[in-house]
Amino acid sequence: MPLSVRKLTGRVGAVVEGADSAAAPHVLDNPAWAALTGPHARFAERVGGAARYPVDVSPFTALEDPADPRCWDDLAALVGPGTVTPVSGVPDPPAGWESVQSIQGVQLVDTDLRAEPAPEAALLGPDDVPEMLDLVARTQPGPYLPRTVELGTYLGIRDRGRLIAMAGERLHPPGWTEISAVCTDPAHRGRGLATRLIRAVAVGIRDRGDTPFLHTSAANTGAIRLYESIGFTLRRRTTFRQVRTPDRETEQPAPPAALHGTARANAEVRR
């Protein structure tokens, strides 16, 4: 999609917006769906036009077309009645659904990031998950679950053996990889650890031909300034929304249970 850039008064960097609203949607307009139907398809639990990650991997759910009521029906069938679930970048949910919480967010893309290794950073894996979850609990960078480490490369920095900073990969739409879980122990902030880890994670992303991007809360102005100062550009605003599915199943026949991989592709049906 053609992109235009305009400066914002009082902001660092620029906003990248769609130059032509009639153009085909950009893959980053619906990154969770693009990931779950693309490079992350092995994780996908899917019913028709709705998909999600396993609940111990990531809370993300996605709709193929948020304007299509059938996709919302599919999401209700996928997660179950009366269930609170996150969806991103969607309008108000249809009748019968409840909007539980809405947080304004921003999406930034790499336009001038200097990617370079961080010699002090170590590769994190399943054995490090307890420490990673502890760091996330202390710093609250956003959702991080016991199997999130499976989504991509995670790097961490330790001080006297204790994990004090980390960053890694989350959503992976075609051609792009999201940098996420960027966090530093409060006692060790101001040392540039987050910047070093972002640049180091970006090395692996660039090496496989992808472009880094990331999300954060629109209210997190400090993080936005940091990201823009190291080479990210604000591409679009979005909404992180928590919705509750209708309490009762519709009278229509339920679709098949969420399916994985090839079995899902072969057996999936639309009501």
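## Basis of the model

Local features in this predicted model need pLDDT of at least 70 and side-chain atom pairs count only at pLDDT 80 or more, whereas totals for chains, interfaces and linings use all residues. Residues are numbered from 1 along each chain as its sequence is written, and side-chain values use heavy atoms, with hydrogens and water left out.

## The chain as a whole

The chain has six helices and 13 strands, taken as DSSP runs (helices H or I, at least four residues; strands E, at least two) and numbered from the N terminus. Of its 271 residues, 46% count as buried, meaning under 20% relative accessible area with a 1.4 Å probe and protein chains only, while exposed means over 50% and partly exposed lies in between.

## R199 in helix α4

R199 belongs to helix α4, residues 193–207, and is buried without a salt bridge, a term for a side-chain nitrogen of Lys or Arg within 4 Å of a carboxyl oxygen of Asp or Glu. The nearest side chain of opposite charge is that of E116, 4.1 Å away; Lys and Arg count as positive and Asp and Glu as negative, with His and the chain ends not counted. Leaving aside neighbours within four places in sequence, R199 is in contact (heavy atoms within 4.5 Å) with L113, R114, A115, E116 and I230.

## Two positive phi angles

Q140, in the loop between α3 (129–139) and β9 (154–159), has a positive phi of about 55 degrees although it is not a glycine. Q140 counts as exposed because its relative accessibility is 62%.

A181, in strand β11 (residues 176–184), likewise is not a glycine and has a positive phi of about 55 degrees, but A181 counts as buried because its relative accessibility is 6%.
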